[in-house]
Amino acid sequence: MIKNTIHSVLKTTHSLVKSWRSLAIFAGLYALLLGALYGFIATREATLKQVLLTLLFAASAPVIFFLLQATIIDRAQHDRIDWYRALRDSCKLALLTLPVILASFALASVISRWQTHFPVPRVSQPPAQLSVQLPGGYPAPPNQAATPTAPKPRPMHWPTVVFGTLRLLLFGIALPLTMIQLWIEFARNDLIKLVRGGPRSILKKLTAALSNAFAPQSVLVYSVGLFIFAFLPYVLLFVRTPLKGTRSEIGIFTTRLALVFVFTLLGWVITLTTLAKTNEGFVIENPEPESEECA
């Protein structure tokens with residue numbers, strides 16, 4: 001299982017590196033997404049134009065985000081990017097994401113209320129001891145002064161650890177995997193026909209998506225991708241190295257930002273592409289090289 005997963009990830013990486021046109025499209029959409037998010041945060045709402053510009057950035061960011069996901073899945077499933085199909089599928093992905101977001105808020109509320117029943121106990125600190133003084137206001141010799149006591153270490157609060165681990169598993173692994181599999185499963189289906197098919201057809205697709213989401217190979221692929229697009233960028237951004245000189249700091253910071261851009265983009269594209277191809281059985285069973293044609 002681990003060997004097949006590594007083989008799938010490496011084959012997907014090799015295919016993406018060869019298809020530089022697709023990578024350029026993904027990088028352009030990702031840069032537009034970051035630009036929209038930065039514009040939304042940096043623009044101040046002081047004048048009417050700035051308010052309209054902020055609303056424009058707020059509306060364009062989710063459109064670009066879902067278009068990026070649709071293009072990645074479209075290329076993985078059809079070996080090429082069809083912009084009409086990608087635009088149509090991006091609307092599907094947005095609709096499918098809403099239930100996952102609502103479920104996330106509901107689970108977060110339930111976990112927060114549950115955690116209130118296990119408050120962190122307060123640790124009482126001993127009162128500060130005053131130094132001993134002799135009559136007349138003279139301080140006592142060092143051997144007669146009060147010895148300060150070190151504060152006791154705070155004991156491990158296991159409910160906090162358990163709830164933190166639960167949040168990590170739910171919001172970092174389970175819900176993102178479920179959302180990705182919903183995207184992959186329903187992207188190649190007509191939602192109108194699926195709804196007309198009745199609850200049985202919808203339940204069948206949901207069951208297939210959930211079974212694929214928590215399959216061992218899907219979890220392994222997502223874990224490898226999580227290391228690339230989340231852990232490595234975190235280390236690059238927040239682990240500091242001692243440097244001397246303003247130029248060196250600016251150069252290192254610029255290099256870090258560029259590497260964070262590359263790792264987050266490549267890690268996410270590799271993860272989503274590998275999961276889409278694994279569900280279709282393409283990565284291991286289809287030895288033919290992929291087409292690099294992009295519409």
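Select helices H1 and H2 (residues 20-42) in this predicted model. The two helices pack at an angle of about 90 degrees, and their axes lie 5 Å apart. H1 is therefore roughly perpendicular to H2, since angles of 65 to 115 degrees are classed in this way. To see where the two helices meet, display the side chains of Leu16, Val17 and Lys18 in H1 together with those of Trp20, Leu23 and Phe26 in H2.

Now colour Thr5, Ser8, Val9, Thr12, Ser15 and Leu16, which are the buried residues of H1. Where do these buried residues fall when H1 is seen down its axis? Turn the view until the axis points towards you: the buried residues fall within an arc of 130 degrees, so they line one face of the helix.

The tour now moves to aromatic rings. A pair of aromatic rings is described by the distance of the centres and the angle of the planes. Ten aromatic pairs are counted in the model. One of them joins phenylalanine 65 and phenylalanine 66, with ring centres 5.1 Å apart and planes at 75 degrees. This pair is edge-to-face, because its angle is over 60 degrees.

Select phenylalanine 66 together with tryptophan 183. Their ring centres are 6.5 Å apart and their planes stand at 80 degrees, so this pair is also edge-to-face. The pair links distant parts of the chain: phenylalanine 66 belongs to helix H3 (residues 48-78) and tryptophan 183 to helix H5 (residues 158-187), and the two residues are 117 residues apart.

Finally, show Phe65, Phe66 and Trp183 at once, as ring pairs link them into a cluster. Which of these residues are buried, and which is partly exposed? Phenylalanine 65 is partly exposed, with a relative accessible area of 28%. Phenylalanine 66 counts as buried at 13% relative accessibility, and tryptophan 183 counts as buried at 0%.

Key
Residues numbered from 1 in each chain as written. Predicted model: local features only at pLDDT ≥ 70, side-chain atom pairs only at ≥ 80, totals over all residues. Heavy atoms only, no water. Phe/Tyr/Trp six-rings, centres within 6.5 Å; stacked < 30°, edge-to-face > 60°. Buried < 20%, exposed > 50% of the residue type's maximum accessible area, 1.4 Å probe, protein only. Helix = DSSP H or I, 4+ residues; strand = E, 2+ residues; numbered from the N terminus. Arc of directions from axis to C-beta. Axes fitted to C-alpha atoms, helices over the stretch in contact; angles between N-to-C directions. Parallel < 35°, antiparallel > 145°, perpendicular 65-115°, else oblique. Contact = heavy atoms within 4.5 Å.
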